[in-house]
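Work through the exercises below with the model open. Try each task before reading its solution.

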Amino acid sequence: MARIVDIKKFFTDYPVQVDNIESINLEVNDSLSWNNHIWTLSVKDGVVNIEKSDSEIPEVIVDIQTLTKAMFGYQSLTDSFKVGNVLGNTDEIETLDKLFVHEKAQLKDFF
């Protein structure tokens, strides 16, 4: 099972699939206090900017495990929304979902 430990670092190093996103307020629920915030996420020319913005109203609400699944290609945010694991504005959920790789991550072992 994978887990995102530092959401800010992970997003800035992630291979985003969209070059530009204006901004999305993303609430991440996590037991790790440094991840458990509302984040404003934007992408300009393929470069991610993500900052804490706890005073903003979240447009997408997700727990860290569901976000991890989406970012590693195991279950899209759109599918997670359909089963109630993601809350928020469907347009913003779809926009955020386009940012992620949709192929399952593979760890190949050659013995």
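This is a predicted model.

**Exercise 1. Is threonine 66 buried or exposed, and which residues is threonine 66 in contact with beyond its sequence neighbours?**

Step 1. Locate the residue: threonine 66 belongs to helix H2, residues 64–71.

Step 2. Take its relative accessible area, which is 5%. Buried means under 20%. Threonine 66 is therefore buried, at 5%.

Step 3. Set aside neighbours within four places in sequence; threonine 66 then contacts Ser80, Asn85 and Val86.

Step 4. Place the helix. H2 lies across E1, E4 and E5, at about 95 degrees to E4.

**Exercise 2. Find the order of the strands in the sheet, and say which stand at the edges.**

Step 1. Trace the open sheet: its five strands run in the order E3-E2-E1-E4-E5, with mixed pairing.

Step 2. Pick out the edges. E3 (47–52) and E5 each have a single partner strand, so one side of each lacks a neighbour in the sheet.

**Exercise 3. Describe how strand E4 pairs on each side, and sort its residues by face.**

Step 1. Start with E1 (residues 21–29): four bridges join it to E4, and the two run parallel. Leucine 26 has valine 60 of E4 as its bridge partner.

Step 2. Turn to E5 (residues 86–88). Here the pairing with E4 is antiparallel, over three bridges. Valine 60 stands opposite glycine 88, and isoleucine 61 opposite leucine 87.

Step 3. Sort the faces of E4 (residues 60–63). Val60 and Val62 form the covered face; Ile61 and Asp63 form the uncovered one.

Key: Residues are numbered from 1 along each chain as its sequence is written. This is a predicted model: local features need pLDDT of at least 70, side-chain atom pairs count only at pLDDT 80 or more; totals for chains, interfaces and linings use all residues. Side-chain values use heavy atoms; hydrogens and water are left out. Buried means under 20% relative accessible area, exposed over 50%, partly exposed in between (1.4 Å probe, protein chains only). Two strands pair if DSSP finds at least two bridges between them. Contact means heavy atoms within 4.5 Å. Axes are lines fitted to C-alpha atoms, for helices over the stretch in contact, and angles run from 0 to 180 degrees between N-to-C directions.
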